[in-house]
Amino acid sequence: MVDYKKLDSIPVLMDEYRNAVKDVVPGVGSPRSAKDNPTTAFKVEGVKIKVPELAAYNAATGLRLRNELPITYPYVLSFPIVMKILTAKDSPVNAVGLVHLTNRIEQTRDLTVDDVLDIRVHAENLRPHTKGVLLDVVTVVSVDGEDVWKQTSGFLSKGAKLSSSSPYKDKQPTDGRILEPVEFDEYDATPTAKFRVTPADIQEYAQASGDKNPIHVSGVGAKAFGFPAVIAHGMWSAATMLRGLEGVLPSAARFSVEFAKPVTLPTSVAFFAEAAGDKAYPRPQRVGSAAAQGF
């Protein structure tokens, strides 16, 4: 059973980013050993939706402002807590350089602007990956004691290796995939929609989400991490796919995303959706964007 430490409020995300940077400074940071799952876990209770912040998020992702929250919005609310887990002393991986590889959201009903949220976050399922070490961070949102929204984010520490004393060291390395590959003829397929995205658009999302990681807002910062230019946030890509599904997604849904390649800016994103019975399902985005599929 996970023992959650209660926080008075959601942490400031940029403070957690600064902690992540300090963590890799020799003589200052905490040494990391990919041995076991961290026991550190946090919860924040009584979180109220701030409508102006929600409106800014919806504007930045092209979604309509409604009484119901986009299925991706609790990610923004909870991400500072996720970062606090990844910068805790018992985190098995360094937060700096982590790759957000996959994201799966399961929702049993719509969350609304009137709901008061309790959020709890922990990490689990440390395992070898073909390119490093993979760790899941699990976020659960409850309302009046009922679990309504759950997210599992897979974070890859590229080049890392499990400790020789890790109980998971003999596991077969995984590729981390959570979706079946979808193939289509690039020249025959007609996009359901196309979206143009520029650095200014992502600056707007960074402001709305609070995620001002340099790889998203600074050309110099992006190049320092090996990107030719600033890249879009993966969860901007995920939220943008919802544009083509508004009015179609049911209140209870599962939304799974694989971040296959970075979206280098500026660019255009092609969105594909196909019907399955009386429902619509997104096919992978193209032009270097995240591959994703809803269930």
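This is a predicted model: local features need pLDDT of at least 70, side-chain atom pairs count only at pLDDT 80 or more; totals for chains, interfaces and linings use all residues.
Biologist: Why is Thr139 called buried?

Modeller: Buried means under 20% relative accessible area, exposed over 50%, and partly exposed in between, with a 1.4 Å probe and protein chains only. Thr139 has 0% relative accessibility and therefore counts as buried. Thr139 lies in strand β5, residues 132-143; strands are DSSP runs of E with at least two residues, helices are runs of H or I with at least four, and both are numbered from the N terminus.

Biologist: Which residues does Thr139 touch?

Modeller: Leaving out residues up to four places away in sequence, Thr139 touches Ser78, Val82, Ile119, Arg120, Val121, Trp149, Lys150 and Gln151. Contact means heavy atoms within 4.5 Å.

Biologist: How do you know that the buried residues of α4 line one face of the helix?

Modeller: The buried residues of α4 (199-209) are Ile202, Tyr205, Ala206, Ala208 and Ser209. Seen down the axis, they fall within an arc of 165°, so they line one face; the arc is that of the directions from the helix axis to the C-beta atoms. The face turned away from the buried side of α4 carries the exposed residues Ala200 and Gln207.

Biologist: What covers the buried residues of α4?

Modeller: The cover includes α2 (51-61), α3 (73-86), β7 (193-197), α5 (214-217) and α7 (234-241).

Biologist: What makes α7 largely enclosed?

Modeller: Of the 8 residues of α7, 7 are buried, so the helix is largely enclosed by the rest of the structure. Those buried are Met235, Trp236, Ser237, Ala238, Ala239, Thr240 and Met241.

Biologist: Why are α2 and α7 called roughly perpendicular?

Modeller: Their axes come within 9 Å and cross at roughly 80°. Axes are lines fitted to C-alpha atoms, for helices over the stretch in contact, and angles run from 0 to 180 degrees between N-to-C directions. Angles under 35 degrees count as roughly parallel, over 145 as roughly antiparallel, 65 to 115 as roughly perpendicular and the rest as oblique. The pair α2 and α7 is therefore roughly perpendicular. Tyr57, Ala60 and Thr61 of α2 make the contact with Trp236, Ala239 and Thr240 of α7.

Biologist: How do you know that α1 and α3 are roughly parallel?

Modeller: Helix α1 (13-22) packs against α3 at an angle of about 20°, with axes 9 Å apart. The two are therefore roughly parallel. Leu13, Glu16, Tyr17 and Ala20 in α1 meet Phe79, Pro80, Met83 and Lys84 in α3.

Biologist: Which peptide bond is cis?

Modeller: The bond joining Leu265 and Pro266 is cis, with omega about -5°. Pro266 lies in the loop between β8 (253-258) and β9 (267-276).

Methods
Residues are numbered from 1 along each chain as its sequence is written. Side-chain values use heavy atoms; hydrogens and water are left out.
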